[in-house]
Amino acid sequence: MKFYFIRHGQSNYNVKNLCNDDPKKRVYLTALGKKQAENARERLKNENIEVIYISELPRTKQTAHIINKSHKVPIKVDARINERKTGFEGRSCFEYKKAMEKDPFHKRANGGESFLDEKKRVLSFIKDLVKMNYNIIVVVAHEETVKIAAGYFRKLSDREIWEMKVENGQMMEFEI
């Protein structure tokens, strides 16, 4: 079984460095984000993808639709791979990171989730995913979702997961 976890293409909020975890907000791919999704499509065009999973946020849907031009497979939404609820919706990511710096694993800012809350949610999705009867699955989600997947498949510590960087459009491949 092969998994491709992809961080969505660059969004207008990435450019503005704003937090977004609300699927109803108008957050969309930039021209660069669409190009990053096209690059992922090109890289995956010869793979026999059977299904694509996305979060509820529009930027993952846009990225998945571009990738899916080469495959025409079902796209399924799963809220467990949504962006972390930061408690800083529409506010600066710098402000959010500053609020989290003393305890990035446990702190819940402004009623949001902690990293460990998010990890538990994402791992629930991954554990269900590995039980499915597919050969090749694509997951288009968010930076921390991809990092948590890398941690799961590569047996990384929370600190190693936290310190990892995943750029927009970056793809990671895992096999079991």
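## The loop around Asp22

Asp22 is found in the loop between helix H1 (12–16) and H2. The model is a predicted one. With a relative accessible area of 23%, Asp22 is partly exposed. A polar atom of the Asp22 side chain lies 2.9 Å from the backbone nitrogen of Lys24.

Not counting residues up to four places away in sequence, Asp22 touches Leu57 and Glu89. Asp22 and Val140 are 118 residues apart in sequence, and their C-alpha atoms are 17 Å apart in space.

## Helix H2

Helix H2 takes in residues 31–44, 14 residues in total. From its first C-alpha to its last it reaches 20 Å, close to the 20 Å expected at 1.5 Å a residue.

Which residues of H2 are buried? They are Gly33, Gln36, Ala37, Ala40, Arg41 and Leu44. These residues cover an arc of only 145° around the axis, so they sit on the same side of H2. They pack against strand S1 (2–7), helix H3 (58–67), strand S4 (136–141) and strand S5 (171–175). On the face of H2 turned away from the buried side are the exposed residues Ala31 and Lys35.

Glu38, with a relative accessible area of 26%, is partly exposed.

## The nonpolar cores

In soluble globular proteins, nonpolar side chains tend to be buried together. In this model the largest nonpolar core has 25 residues. Those with the most contacts inside this core are Phe5, Tyr53, Phe125, Ile126, Leu129, Val139 and Phe174. At least two residues of the core are supplied by each of S1, strand S2 (51–54), helix H5 (115–129), S4, helix H6 (143–154) and S5. The largest share, 6 residues, comes from H5. A second, separate core has 14 residues, including Ile6, Ile49, Ile52 and Ile67.

Val139 is in contact with Tyr4, Phe5, Ile6, Tyr53, Ile81, Phe125 and Leu129, leaving aside its neighbours within four places in sequence. Ile126 has its place in helix H5. Is Ile126 buried or exposed? Its relative accessibility is 0%, so Ile126 counts as buried. Once neighbours within four places in sequence are left aside, the contacts of Ile126 are Phe5, Ala149, Tyr152 and Phe153. Ile126 and Lys102 are 24 residues apart in sequence and 28 Å apart in space, C-alpha to C-alpha.

## Salt bridges

Side chains of opposite charge can pair when their charged atoms come close. How many salt bridges does the structure hold? There are 16 salt bridges.

In one of them, the side chains of Glu47 and Lys2 meet at 3.8 Å, N to O. This pair links distant parts of the chain: Glu47 is in the loop between H2 and S2, Lys2 is in strand S1, and the two are 45 residues apart. Glu47 counts as partly exposed at 21% relative accessibility, whereas Lys2 counts as buried at 17%. A network of salt bridges links Lys2, Glu47 and Glu173.

Asp117 and Arg108 also meet through their side chains in a salt bridge (2.6 Å, N to O). Asp117 has 24% relative accessibility and counts as partly exposed. Arg108, at 52%, counts as exposed.

## The loop around Asp78

Where is Asp78? Its place is in the loop between strand S3 (75–77) and helix H4 (93–100). Asp78 has a relative accessibility of 14% and so counts as buried.

A polar atom of the Asp78 side chain lies 2.9 Å from the backbone nitrogen of Arg80. Leaving aside neighbours within four places in sequence, Asp78 is in contact with Tyr53, Ile54, Ser55 and Phe125. Tyr53 and Phe125 are also among the residues with the most contacts inside the largest nonpolar core.

Key. Residues are numbered from 1 along each chain as its sequence is written. This is a predicted model: local features need pLDDT of at least 70, side-chain atom pairs count only at pLDDT 80 or more; totals for chains, interfaces and linings use all residues. Side-chain values use heavy atoms; hydrogens and water are left out. Helices (H or I, at least four residues) and strands (E, at least two) are DSSP runs, numbered from the N terminus. The expected span of a helix is 1.5 Å times one less than its number of residues. Buried means under 20% relative accessible area, exposed over 50%, partly exposed in between (1.4 Å probe, protein chains only). The arc is that of the directions from the helix axis to the C-beta atoms. Contact means heavy atoms within 4.5 Å. A nonpolar core is a set of buried Ala, Val, Leu, Ile, Met, Phe, Trp, Tyr and Cys residues joined through side-chain atoms within 4.5 Å. A salt bridge is a side-chain nitrogen of Lys or Arg within 4 Å of a carboxyl oxygen of Asp or Glu. A polar contact is a pair of N or O atoms within 3.5 Å; within protein, one must be able to donate a hydrogen and the other to accept it, and residues adjacent in sequence count only if both atoms are side-chain atoms.
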